[in-house]
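Work through the exercises below with the sequence and the model side by side. Try each task before reading its solution.

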Amino acid sequence: MDFLKEWVTNIILFILLATIIDMLLPNSSMQKYTKMVTGLLLIAIILSPIFKLISKDFESAIMEIPSYQSPSENNMKNLIDDKKKEIQASQHAYILKEMAVQLRKDVEEELMDQYGLEIANIDISLKEENNTATIENLQKVTILLKQPETAVESVEAVKPIVINTDIPLPSSTKTTEETEQIAVFLSKKWNVTDKIIEVSIEGGID
């Protein structure tokens, strides 16, 4: 109802204004053009409710267009997202593998010289997957060591095992101390804290 009152008021005010302008203008050829312009403006004011309605419907239609997506478009988007995640995961795994290879190369020769051990496996993890694979971003390094195969081949034939319950089991202190020493050695070589390095020896105790 308020809109109707405003609309009628605008028409009346414009007619009054147009009448005053027409009275003030002298009789000349300009008066003809003035009447034409005021007539067009009056028509525009009269049709303004229709213009507003059309404009509102058009805006609503435009707003609804982006929200509609066909099932095929949604499936394509999901497929692209899955492929992107798969590629990112593959790249991350490759980067970790290359970093592990580099860490192995940095220490394998000295490990053999000082401890007579070689690396059987090395796993690394970063603080965050999206972080750059650098030494500073290392979260944990798990390394498995083993005796060289040449040493295994030279071992004598296994002697019969005699179980004597009176003799206490050998202490694991030596193995534990050795793994701790190796962890410290690796931390110095890689320039990281030994807290993130976990060393185990194949056939021994962590």
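**Exercise 1. Which residue forms a salt bridge with E110, and how far apart are the closest N and O atoms?**

Some ground rules come first. This is a predicted model, in which local features need pLDDT of at least 70, side-chain atom pairs count only at pLDDT 80 or more, and totals for chains, interfaces and linings use all residues. Residues are numbered from 1 along each chain as its sequence is written, and side-chain values use heavy atoms, with hydrogens and water left out.

Step 1. Apply the rule: a salt bridge is a side-chain nitrogen of Lys or Arg within 4 Å of a carboxyl oxygen of Asp or Glu.

Step 2. Find the partner. E110 forms a salt bridge with K189, and their closest N and O atoms are 2.6 Å apart.

Step 3. E110 is in helix α3 (residues 71-115) and K189 in helix α5, so the pair links distant parts of the chain, 79 residues apart. Helices (H or I, at least four residues) and strands (E, at least two) are DSSP runs, numbered from the N terminus.

Step 4. Check exposure. Buried means under 20% relative accessible area, exposed over 50%, and partly exposed in between (1.4 Å probe, protein chains only). E110 is partly exposed at 28%. K189 is partly exposed at 36%.

**Exercise 2. How many salt bridges does the rule give? Locate those between strands.**

Step 1. The count is three.

Step 2. Take K146 and E118, whose side chains meet at 3.7 Å, N to O. K146 lies in strand β2 and E118 in strand β1, so the pair ties together parts 28 residues apart in sequence. E118 is partly exposed, with a relative accessible area of 24%.

Step 3. Take E198 and K140, which meet at 3.0 Å, N to O. This pair links strand β3 (E198) to strand β2 (K140), 58 residues apart. E198 is partly exposed at 34% relative accessibility, and K140 is partly exposed at 37%.

**Exercise 3. What is the strand order of the open sheet? Work out the pairing.**

Step 1. Strands pair if DSSP finds at least two bridges between them.

Step 2. The three strands run in the order β1-β2-β3, with mixed pairing. β1 (118-126) and β3 (197-201) are at the edges with a single partner strand each, so one side of each has no neighbour in the sheet. The twist averages 15 degrees from one strand to the next. (Axes are lines fitted to C-alpha atoms, for helices over the stretch in contact; angles run from 0 to 180 degrees between N-to-C directions.)

Step 3. β1 and β2 (residues 138-146) are antiparallel, with eight bridges. D123 has T142 in β2 as its bridge partner.

Step 4. β2 and β3 are parallel, joined by five bridges. I143 has V199 in β3 as its bridge partner.

Step 5. Four of the five β3 residues are buried, so β3 is largely enclosed by the rest of the structure.

**Exercise 4. Where does UniProt place the feature "transmembrane region"? Compare the record with the model.**

Step 1. The unreviewed UniProt entry gives residues 7-25 and 37-54. Its positions follow the numbering used here, feature names are shortened, and annotations may be inferred rather than shown by experiment.

Step 2. In the model, residues 7-25 are 95% helix and 0% strand. The end C-alpha atoms of this stretch are 27 Å apart.
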